[in-house]
Amino acid sequence: VTNESPAGIGPASLTAAVSGMPDWLESTLNVTPGRDPLGFQTITTDRIIPRLVPGVLALSRRARYFSFYAFLIDDYRRRELGASNNSLSTFIKRHEYELALAVELCPVGHRNEAVASNGRERAAPAVSRGDALFARNESVDSYLGGYGLYYRSPMVDLGLVAPRGTQIGESEDVSPIDVLWPDDQRAATLAAAFRSAINETEYFRHYFASDRDIPRDVLRDYARVACLCRLEDFPHERQALREALLVASATQPEEDVVRRREAFAFLTWLAAQDERVVRVDQAFRDRIWDVHEAGLTNTSDTLRRTGARWAALIAKEDAQEGISSIWARVCATGLAANGSNGISAADLDAALIEPLVAPAFLEPFGVPIPIEPTLESGKLRASILAAAAGHALEDLREWAVRDGSALAGLALLLAVDGRVEALGDPAAGWAEIAAQDGEWQPGLTHLRLLLAEHLRTGPDVRTTMRWLVRSRIVWPHELIAYSKLPQSTFRFRWESGRLRFYDLRPERFGLTDNRRDALGRLGADIGLLEWTPTGAIPTTEGRALVTEVFG
Amino acid sequence: VTLRVVASFDRHWTVFWATTYTFELPFFESFLLPRLGEPPLNATILVDAKRLADAVQDLAGDTPWRGARANRDYLVRGVAPTRGAFHPKTYFFGNYRTGVLLVGSGNLTMSGLESGKEAFTRFDAADPADLGSIHAWRDWMESLVSVIADDAVTDRWRNAQLRAPWIVGRSEPAAFVDNWTRPILDTFLDGVEAPVDELHLTAPFYDEHANAVRTLVERAAPRRISVLLARDASVHGPALLDVLGRSGAEVTLHGLEPDLFVHGKLIGVVWQGRGRLLSGSANLSGAALLRAASADPLANVECGAIADVDPEAVGMAFLPPPPPPGLRLTERTLDSLSSLRFVRSDDAGHPPHLRSAAWLEDRRIRIDVSVTIDAGVRLSNGTITTALQGPVTEMPFADDTGRFAWLVDDAGRQVSNKVAIDEPARLQLALAEPRERSDRPAGVEAADLETPVGQMLARLHSSCIFDFDETPAAQRGRRSDTTESEDPEFWDRLAREELRRDPRAARYHQLGGPTPMLDGIFLDIALMLEMVPGLEGPHRLPGSHNEGDRSGTGNRWTPDRRLQVRLFNVLARWCTALADPRLEWNGVLTPVGNFAALLGALRECWIRDYLPEPRVVALVGVLLTAFVRGEGRPGFLSRQDDDHRAEVLATLATSVTPSIAGALVYAAVRPAQKDFLSFLFAWQPALTDGLKSDVLRADFTTASTVEELIGSPVSPAAIGQRLAWASTYTNDEHWSETVSRETRLQVVLTSAAFAAQFGATLRVGPEVDLLGDPRVVRIVWRALAYRRTQGCIVESGPNRLSVRLGDVVAARINGATVVSDDPLTAERLEAMAMAGAPFAELFWVSEEVAS
């Protein structure tokens, strides 16, 4: 028996080493629902919010972190530790972790609150174990920790931090490390205020710069002065934070400060009318739209302009909610219609569009609206506007989301278009926000123009639904999902001429963070608002800001 | 064992050559092509003509992004060498040095390369056992390209072989198998002696009458047959049942739980204690297994791999691994076969007669058709329809925005497939060497790029990743800071993925192989030679060129002050960033490449007077300490574990980089340089480690470079001596600072007037216990060594300690004088210093004195 095969490859004792041995394919895809499947939310997050609330991220929502990080950066420089952000990263992450431990141990008790301390995921279990001594750790693995993730960018925007690589002053050298702007007294004041608060603690005197395990009592004592909730005990620090957020400086664009002041003042102004706006998103959106639609902001140009900007955001988000409803039904309907095997292009209308426009009754606010696929879309628009007359736009949005049908989504979109049209000529400020387009989707103004162009031909509901599904849902989603690979976020995809659906939930995408929470928490932290059981009301300082900004 | 096929799509390669039955343009263009990186890239894809026609036809008009890069950045051709299916799935990735060939069942689609149950064989050119298969694939491709007879394909095939010249090699028996001249089944069964013990089968079949299985069973005469029948098999069930029933073999039928479609194709036999597996594109059909493509027009074009393996491995190969979790084999009854039906593949909606269309320079289009076309047939791109004059449109296309073209009849009805129109100039550009990147480094102004300095920086920036924070990866991460994240590590992971896609990243991956690559890729030797015409090579002896060469004639260009500032800032940032650990995400040799490139740049700045000498020297210090280590802070090298450190030093050892480094350091600390003490001590940790690890070298290349830098010859030996001196030199002030820092006592070497035998006189802080503090022993021991003396006086406030080797130690403490019982020898002093003992040990009365 010869040992030679005709291919010249002898049998091998180790299969893995055999040339020609096949392996089964392993996927590199990470199947995940992902975010923003149609590219609408990014318009709010990346284009609109930076214009409304520059320098405030969704998770940069505790004012004390601004003074804490200013202090850390200042202290790092004082100790003349390695002049690189890598070393600074380690320094920050260690002290972030210790502050997170302190927050967990705070005598006030925050265990059941969303206190948003950076490093809580690691600190909370350590505290819960009841350890008497805490070994050193870092808050998170990510570079520069929570500072890098949530506060660095705002602190740069606020002109407090000169990021690594900045040329500072007349020197020819660039900074190799993040530092506080030397010319900006606000940053130094923040750092000094936090230092002053903790200066006498056992933690700062004996543990801050050491490697020793930290006793529980020492951290509890540290929490007494350093916890995120303790600002009210340190009025100078609170004042410094207010100035950092609301006072112009040479190190930040003046327009940013103006917008930030308007945002805080607007929330405070709204809170004076309805304290729930600070805690409840629906109330926040409702009041923004209501005061604009009812002309309650006409008391000053600045207030009118600010209100118009925010109202444009609300309208954009509500229109997006309508499309989200249609999107969710497209996904569900496609899957139900043999979607995992795919729907051919020829069958798409029958399998996907027809179920979405099947005859149905909509009942917004108890008013029945019968809908046939052949109903003219313009008539649907008129009907929904009539049914919603006198009702808040937010209530209409809630109804459409609750109904969940594609027709309700279409009705909401048409109603938003009608309510915006009814406002008449856009108020100053409106156009700036409404004109913000995304990479894959139109903004509010552009979407309304497209809709108007489509409605001009007198289409029926079936035609409008087909137009929306094709132009705003099917191809944008596929394009966006391809751009996210190897994160596989496809809800559907054309494969060999068939639109194949994937079962990924959640189907619906929600409203985008509008910074209400961050503004509210920061506003309360810096003394503009005072929490109540159901919301927050303006403080004396808050009312003073409203007067300063809006007159 | 599983294989991540998509992992092979990366920036290593300059050639991607694929054959496939089906092709998803959006998947390739959105995901795979970007992973292959920037030009030069010869990406060529041969697809079954009918299936490509379907794929292009499906690209709806309202999705212009689909197929937007076809026949612009890569070439795709529908081919039909036979009337059967063009069915091979082969993916070749190559560059000048090496390559990988994947042969399997998966098409160039998302299902085929990512999510399907597919089987692939990987051939690696670095493995001698696999190289023959790649040569065999090349021979097969040569035949195919010849038959396809498409000029663009032929040109690119030639180009591919120039880019990966090693691919041409002697053909010898190999695991790769094709059906071009011989049916695959014949090759597979060569040497297999019937009756075999076991026959294992799985595939989606695509065999109307089970003829392939019938032939296989007849020729192998198996005693046992095991069939894995997954979902949606396409075969006439009764016919298959009949074949299996008549075989006389013990037949086992398996399915999968959960039931999945398995596209992988495997045939296995076990005979006489041996095993063999066939994998690849061939289904269990006659067109795939029983026909030779060059001789039989009904044959498919197929290829695969044959592996001779242990018998036990044959059966094991047939179980696809999860997902889904818990995937397992289940036994099925033979009755379940009877319900199977053969499903014929759809014909293309439009006959694929139009093989290609290409823009001509005058905006007319030349077409290539496989049939004679009727008079009156015209060419359309959707917006414009134009008559043809022979193979060329009569008129130029006024609208050249249409990406696809097809033939229409008199009535405007589509009568051919659609093709993506070739853009020859753009296709050619994709093959060209990379143009200089238009994006300039941060801190450099657009006008700077017109200057030699700007061009130098742009050249460096286009080829190296110096500052991670400047990369698109980091910038994208920063931009993303404005969105919410519930996953704090996400941005780092994203940045790593983005860094991997940075077109510059692949250059670093060429380091570390057996061939020295640092010089030429990162340290631009050619440019160095060009800069210094007299320098003929890195080993030229010093003093062998005319001093006048350096100055030349005419006015030397020098940057203005502001440009110098920008140049310095950019280089300082890049040198500092060398110690950034994130650069190592791209491999531990990335900072090594940067070190070499930056040394070359500093050398250029020095020689061409782009910066004043002190500024270049400052940058040398920044670079050196970032790479090796600085005073009290780690550098890139000092952070590495033993294995990585060895890898780094091995890479440097084959390069002239250490010689250039040695030359720059020498020039900075040369005797004529009066200011070197202002920075020398900060450099010393790097100098000490650098000399020890050969990061700094003093050889003839060093000497040549030194001569270019300072204009006068210095011997390698003199350079070496100076570097060694510089690494250890100290003075009183520095000695005092160092000892103070290390002992945490205020120590000052003084010049107090004591007897001549006390060559070292010291003052320490007023509160120091001269007899009780062990640090005083260490200070004395070091002072004697530093001053090379036998005697030392230490003063602390009014107290004084006198030490003279070979003599007793005397101390005046609080007005009382005490003397040690025994003389102090050098050995005893060293032992005490090592043990941490105080001088009090020498005195019986020490406790009284101390009190």
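Figure 1. The coordinates come from a predicted model. Trp725(B), by contrast, has a relative accessible area of 30% and is partly exposed. The charged end of Arg722(B) is placed over the ring of Phe676(B), at 5.1 Å from its centre.

**Figure 2. Aromatic pair formed by Phe676(B) and Trp725(B).** Over all chains, the structure contains 48 aromatic pairs. In the pair shown here, the ring centres of Phe676(B) and Trp725(B) are 5.7 Å apart and the ring planes meet at 80°, so the arrangement is edge-to-face. Phe676(B) belongs to the loop between helix H23 (657-669) and helix H24 (677-692) of chain B, whereas Trp725(B) is part of helix H26 (residues 716-728) of chain B; the pair therefore ties together parts that are 49 residues apart in sequence.

**Figure 3. Open sheet with strands from chains A and B.** Eight strands form this open sheet, in the order E1(B)-E1(A)-E7(B)-E6(B)-E5(B)-E2(B)-E3(B)-E4(B), and their pairing is mixed. Strand E1 (2-3) and strand E4 (75-79) of chain B are at the edges; each has a single partner strand, so one side of each has no neighbour in the sheet. Strand E3 (residues 42-48) of chain B runs parallel to E4(B), to which five bridges join it. Leu46(B) has Arg77(B) in E4(B) as its bridge partner. Helix H2 (residues 49-57) of chain B lies across E3 and E4 of chain B, at about 105° to E3(B).

**Figure 4. Three-stranded open sheet of chain A.** The strands of this sheet follow the order E7-E12-E11 (chain A), with antiparallel pairing. Strand E7 (343-344) and strand E11 (492-495) of chain A are the edge strands, each pairing on one side only. Four bridges connect E11(A) with strand E12 (residues 498-501) of chain A, and these two strands run antiparallel. Within E12(A), Arg500(A) stands opposite Arg493(A). Helix H19 (residues 461-484) of chain A lies across E11 and E12 of chain A and runs at about 90° to E11(A).

**Figure 5. Arg212(A) over the ring of Tyr207(A), with the context of chain A.** Arg212(A) lies over the face of Tyr207(A), 4.6 Å from the ring centre. Chain A comprises 21 helices and 14 strands, and 59% of its 551 residues are buried. It exposes about 21000 Å², of which carbon and sulfur atoms supply 49%.

Key
Residues numbered from 1 in each chain as written. Chains lettered and ligands numbered in written order. Predicted model: local features only at pLDDT ≥ 70, side-chain atom pairs only at ≥ 80, totals over all residues. Heavy atoms only, no water. Pairing = 2+ DSSP bridges. Contact = heavy atoms within 4.5 Å. Axes fitted to C-alpha atoms, helices over the stretch in contact; angles between N-to-C directions. Buried < 20%, exposed > 50% of the residue type's maximum accessible area, 1.4 Å probe, protein only. Areas by Shrake-Rupley, 256 points an atom, 1.4 Å probe, with all protein chains shown as cover. Phe/Tyr/Trp six-rings, centres within 6.5 Å; stacked < 30°, edge-to-face > 60°. Lys NZ or Arg CZ within 6 Å of the ring centre and 35° of its normal.
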